[in-house]
Amino acid sequence: MSLERILILDDELVIRKALEEQLRRKRFSVCSVGTLGEADEHLSKDEYDLLFVDVHLPDGNGTELLERVSSMSNPPLVVIITGYGTVESAVKCMQAGAFDYIIKPFSSSQIDVLIKKARDYRQLVKVNQFLASESTVSGELIGKSGFINQLKDVIRKVAPTEATVLICGENGTGKELVANELYRCSARKSAPFIRVNCAAISESLIESEFFGHEKGAYTGATQRREGRFELADGGTILLDEISEISPKVQAKLLRVLQEREFERVGGNKTIKVDVRVIATTNRNLAQSVERGQFRQDLYYRLNVFPIQVPPLRDREGDVVLLAKNFSQSFGRKHGKQIKGFTDDAIVALERHPWPGNVRELQNTIERAVILAESGQPIAQGHLGLFSMPTNVAAPQVAHAYGHGEMSGPAYGGGYPAAPQAPQGNGGYYDAAPPSYSQPAPPPPMPPAAPVASEPAAETAPKSNAAPLPLDEIEKQHILSTLEGTEGNRTQAAKLLGISIRTLRNKISAYREDGEFIPGE
């Protein structure tokens with residue numbers, strides 16, 4: 001609820017009491033005063049969402065309050081009430097910033113309509129302020145492979161329902177696009193769609209981001225703030241990377257999913273909301289439950305309808321289709337006319353394993369568009385992809401993906417089939433670096449004759465040990481760095497020159513391989 005505290009300013013006691021009683025029955029916090037001075041005193045101490053203000057008061061004109069509240073950081077809505085209404089005075093008040101204008105005597109039904117209008121307006125303003133500061137995910141699911149067609153069919157069936165959806169998949173597969181499609185095809189598509197990136201919010205602030213806080217709840221909380229669940233009231237909330245939240249917030253989130261109610265941080269008022277929950281994760285939550293990292297009861301609350309998003313390597317025929325779409329989009333963005341792809345570029349696109357999935361493909365195409373000449377096709381050299389031998393399989397890395405119990409061509413009434421384990425951990429730097437031609441080395445010099453007084457050095461025996469794969473060398477380096485930092489992941493990520501999120505993903509893969517993780 002974005003409308004809670006109401007102040008009534010009227011010198012007629014009967015009007016004040018009648019209006020106060022009606023609003024209290026609706027569970028609003030109401031304060032009533034009879035003079036401008038008393039109103040100023042209350043406004044200086046507390047925050048209010050709505051003011052009912054009479055025009056003719058013992059110590060001045062109620063319209064004077066309009067100018068005062070307009071300078072507040074979070075100004076309340078002001079409704080002017082008067083027994084001497086005229087068209088001219090109504091126009092003047094609205095121009096001065098009044099939200100509405102009603103004439104005495106007014107009925108209880110008029111107040112009910114006005115309250116609903118004020119509540120909807122307040123929520124709309126808050127949602128717009130939030131969306132203005134957030135980047136939104138746009139686009140559509142592009143593809144013609146069997147996996148994508150099946151995924152679209154699943155979305156079409158579950159979107160109109162109120163079921164909680166858990167979207168699983170590797171990084172970069174387009175989980176947010178699936179969530180966006182679920183919202184766009186739902187009955188709540190005209191209501192707010194609020195996104196929360198759980199991995200990007202610090203543990204100390206995520207509870208406030210979810211549920212909001214009251215003024216003075218902690219240092220720096222200078223005014224009341226609505227949380228994301230409150231902003232999403234009547235609509236949909238997307239909890240991206242849900243596996244990253246702490247056990248404390250997991251317990252509070254469970255209550256919201258069960259009862260659809262919560263309290264703000266520092267508050268004691270129970271707030272009820274009507275929201276549909278969609279969550280995404282790139283981890284195997286069932287395994288996280290077994291390891292005690294995720295609450296079992298919360299997992300079952302989220303796992304009402306799981307959807308598996310396939311990796312790009314399993315979407316036969318979609319790579320080139322996506323690449324052409326991205327080339328046109330980035331061509332418009334960077335002011336270039338791109339004439340498709342050369343044959344060798346298409347072969348390179350189809351052979352690449354795409355460990356970073358659609359996100360890696362998108363970045364690769366944007367880079368190629370920038371390098372290509374306007375009016376010319378994208379060539380293989382513009383892509384910066386190495387050519388993998390067709391007869392050598394890339395080393396596979398275990399990955400926490402989807403649900404362990406899911407297997408076979410299909411599962412659970414039309415869910416997309418569980419894909420195979422990914423190759424690499426996702427990202428441009430998982431691929432082997434491209435080779436560059438080097439000048440031929442000079443011919444070796446003939447060995448010098450050994451000095452008679454010194455015995456010839458013995459030739460070192462050649463090692464028969466096979467060289468370690470690059471991913472094994474990388475794993476050993478990461479684990480030794482973690483050991484050196486005594487398990488401090490933030491410090492280790494800084495020393496390794498990678499993001500903390502990339503380090504977490506790699507640690508998760510190593511843990512599933514049975515490796516001992518320093519610090520755990």
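Here is a short chat about a helix pair and a sheet in this predicted model.

Visitor: What kind of model is this, and what pLDDT do local features need?
Guide: The model is predicted: local features need pLDDT of at least 70, side-chain atom pairs count only at pLDDT 80 or more, and totals for chains, interfaces and linings use all residues. Residues are numbered from 1 along each chain as its sequence is written, and side-chain values use heavy atoms, with hydrogens and water left out.

Visitor: Okay, how do helices α13 and α15 cross?
Guide: Helix α13 (residues 318-334) and helix α15 (residues 357-371) have axes that come within 9 Å and cross at roughly 45°. Axes here are lines fitted to C-alpha atoms, for helices over the stretch in contact, with angles from 0 to 180 degrees between N-to-C directions. Helices are DSSP runs of H or I with at least four residues, strands are E runs of at least two, and both are numbered from the N terminus.

Visitor: Which residues of α13 and α15 meet?
Guide: Among them are Leu322, Phe326 and Phe330 in α13, and Leu361 and Ile365 in α15. Contact means heavy atoms within 4.5 Å.

Visitor: Switching topic, what order do the strands of the open sheet take?
Guide: The order is β9-β10-β13-β8-β14, with parallel pairing. Two strands pair if DSSP finds at least two bridges between them. The edge strands are β9 (193-197) and β14 (305-308), each pairing on one side only.

Visitor: And how many bridges join β8 to β14?
Guide: Four bridges join β8 (residues 165-168) to β14. Leu166 stands opposite Pro306 in β14.

Visitor: Which strands does helix α6 lie across?
Guide: Helix α6 (residues 146-158) lies across β8, β13 (276-281) and β14, running at about 160° to β14.
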